[in-house]
Amino acid sequence: MDIYTRIKEDHDKARELMNQIADTTARAKKTRHDLFEDFKIDLWSHHKVEEATFYDLLTQKGDSAESYEAKNEHHMVNSMLEELDTMPKDNEQWGQKFGAMKELIEHHMEEEEEEFFTLARKEFSEEEAQELGRRFDSRKKVVAPAITPMSEG
């Protein structure tokens, strides 16, 4: 599976989880908490692996401006994730902040899928895209379990 398909799979999973979380209310504290935990861990690991595989190679190929923009967006989202993680899940403010973050993430994913993938397809051969997909998978299998214990506690 190439890098574009692999990243798109993660994006689709994130969209699904974000919609499920957005559909919760402040009264569904446990459901909201559990869904958010899954979402947070998956998104953090996605960001780390995407930066280490996809964006670092784009930077090496000379497309550093786009890579830096995407990394900055990851940083903003990660800051929002951390803030949401520490807030009580049973209030309106949490839902509003999550909604704002959801919009930012959706915009970021659309930009990646439409603009960044187009740019990368000009830079990466099909073989490179396949290899990046394999690297993405193998790194994600290592990173996601490593993040999980940090979120507990």
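H2, helix H3 (64-86) and helix H4 (92-123) each give at least two residues to the lining of the largest cavity. Helices here are DSSP runs (H or I, at least four residues), numbered from the N terminus. Keep in mind that this is a predicted model: local features need pLDDT of at least 70, side-chain atom pairs count only at pLDDT 80 or more, and totals for chains, interfaces and linings use all residues. Residues are numbered from 1 along each chain as its sequence is written, and side-chain values use heavy atoms, with hydrogens and water left out.

**Largest cavity**
- Its volume comes out at about 60 Å³; a cavity is a set of points, on a 1 Å grid over the protein atoms alone, where a 1.4 Å probe fits but cannot get out, and lining residues have an atom within 4 Å of a point.
- Among the lining residues are His 11, His 46, His 47, His 74 and His 108.
- The lining splits into 4 nonpolar, 5 polar and 1 charged.

**Second largest cavity**
- This one has a volume of about 50 Å³.
- Helix H1 (3-22) and H2 each supply at least two of its lining residues.
- Its lining includes Asp 10, Asp 42 and Phe 39, and divides into 4 nonpolar, 2 polar and 2 charged.

**Thr 53**
- You'll find Thr 53 in helix H2 (residues 29-60).
- Thr 53 counts as buried because its relative accessibility is 1%, where buried means under 20% relative accessible area (1.4 Å probe, protein chains only).
- Leaving aside neighbours within four places in sequence, Thr 53 is in contact with Ile 3, Leu 132, Arg 135, Phe 136 and Arg 139 (contact means heavy atoms within 4.5 Å).

Terms used: Buried < 20%, exposed > 50% of the residue type's maximum accessible area, 1.4 Å probe, protein only. 1 Å grid on protein atoms, 1.4 Å probe; cavity = no way out; pocket = protein on both sides within 12 Å on 5 of 7 lines; lining within 4 Å. Points joined across faces, edges and corners; volume = space filled by probe spheres on them. Nonpolar A, V, L, I, M, F, W, Y, C, P; charged D, E, K, R; others polar.
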